[in-house]
Amino acid sequence: MYPSCFNLSNVYQNLEKGPIQEDVLVGIDSITGEQLHSWGRDRFFLPHGLSVDGRGYFWITDVALHQVFKVDPASLKTSLVLGTAGVPGSDQSHFCKPTDVAVARDGSFFVADGYCNSRIIKFSAEGEFLLEFGRPTISGLTDAGNTLNVPHSLALLENYDLICVANREGEKIQCFTAGLEANSQAGRFVLQVAHPSLSRVFAIRYSQAVNRLYAVNGVGFGLEDKPIMIFSINVLSSEVQTWNPAEDGVVLKAPHGLTVSQDGHYLYVADLSPQPTVWKFENQDFKLPA
């Protein structure tokens with residue numbers, strides 16, 4: 001992740017240049033594509049993950065600051081900050097380039113940590129550390145169910161009490177117990193999805209409306225024979241359907257984010273190259289909207 005911007009201790013080297021002077025959070029009308037509002041200038045350095053919880057709060061990770069932010073949608077004020085600005089770490093109060101957040105209905109939440117830690121951390125609704133799970137992938141050792149190599153994205157499946165992780169460099173999706181049900185402990189490995197075409201999986205999101213887990217892969221090392229595609233996954237049966245947007249005239253170059261509309265009808269993919277773009281796809285039968 002932006003290796004030239006960090007030293008060997010994962011400290012961001014451009015803090016003295018100040019935060020981004022433009023708004024980094026943009027509200028867009030999902031029908032017309034019109035920009036409605038924007039926010040966030042002079043606050044963030046390298047914002048990475050964006051999630052919206054059931055109450056409408058924004059959750060943003062900043063990999064340069066090694067922090068997680070919860071933002072009130074009404075006041076646009078930060079209501080919770082986790083991590084120490086600019087200080088990487090691997091203890092209960094520090095992150096190292098955190099990538100994503102998934103929030104449960106009871107307010108507890110999970111943080112994917114991240115580019116230089118290989119763990120998922122669960123917090124209470126108040127931001128109290130509860131537990132962590134996952135460990136680094138070590139070359140030459142057997143790959144266990146809880147080994148993670150850049151946990152890049154999260155999807156919470158509350159109806160199955162599962163938290164799923166996009167193991168980007170491990171080229172698979174791993175699902176663990178979320179610990180949201182009575183007598184359930186978070187972090188127990190349950191299943192994994194490792195489709196031959198999945199390759200480096202950059203983002204995942206779950207739609208309870210259609211009971212599907214969605215994923216998008218991306219460019220990577222030796223990916224020439226694996227096209228960039230969108231994946232629809234039945235978690236219970238492990239059935240995987242694939243769709244290549246290029247077949248309908250959309251060539252994704254560097255997808256980095258994915259989300260699903262609340263009713264499950266639309267998929268949105270954030271593509272970083274050649275020009276940052278958000279694509280909207282109709283979900284039904286994986287067809288582009290007319």
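Guide: Let us begin with cysteine 164, which is buried, at a relative accessible area of 0%. Buried means under 20% relative accessible area, exposed means over 50%, and partly exposed lies in between, with a 1.4 Å probe and protein chains only. The model is predicted, so local features need pLDDT of at least 70 and side-chain atom pairs count only at pLDDT 80 or more, while totals for chains, interfaces and linings use all residues. Residues are numbered from 1 along each chain as its sequence is written, and side-chain values use heavy atoms, leaving out hydrogens and water.

Cysteine 164 forms a disulfide with cysteine 175, and their sulfur atoms are 2.1 Å apart; the term denotes a pair of cysteine sulfur atoms within 2.5 Å. The link is right-handed, with 105 degrees about the S-S bond. It connects distant parts of the chain, for cysteine 164 is in strand β14 and cysteine 175 is in strand β15, 11 residues apart. Strands (E, at least two residues) and helices (H or I, at least four) are DSSP runs, numbered from the N terminus. Cysteine 175 is also buried, with a relative accessible area of 0%.

The surroundings of this link deserve attention. Leucine 213, leaving aside its neighbours within four places in sequence, is in contact with Cys164, Leu157, Ile173 and Ile204, among others; contact means heavy atoms within 4.5 Å. The largest nonpolar core has 19 residues, and those with the most contacts inside it are Leu157, Ile173, Ile204 and Leu213. Such a core is a set of buried Ala, Val, Leu, Ile, Met, Phe, Trp, Tyr and Cys residues joined through side-chain atoms within 4.5 Å. Among the elements that give two or more residues to this core are β14 (162-167) and β15 (172-177).

How many disulfides does the structure hold? There are 2. Cysteine 96 and cysteine 116 also form one, with their sulfur atoms 1.9 Å apart, and this link is left-handed, at -100 degrees about the S-S bond. Cysteine 96 lies in the loop between β6 (78-82) and β7 (98-103) and cysteine 116 in the loop between β8 (109-113) and β9 (119-123), so the pair ties together parts 20 residues apart in sequence. Cysteine 96 is buried, with a relative accessible area of 4%, whereas cysteine 116 is partly exposed, at 28%.
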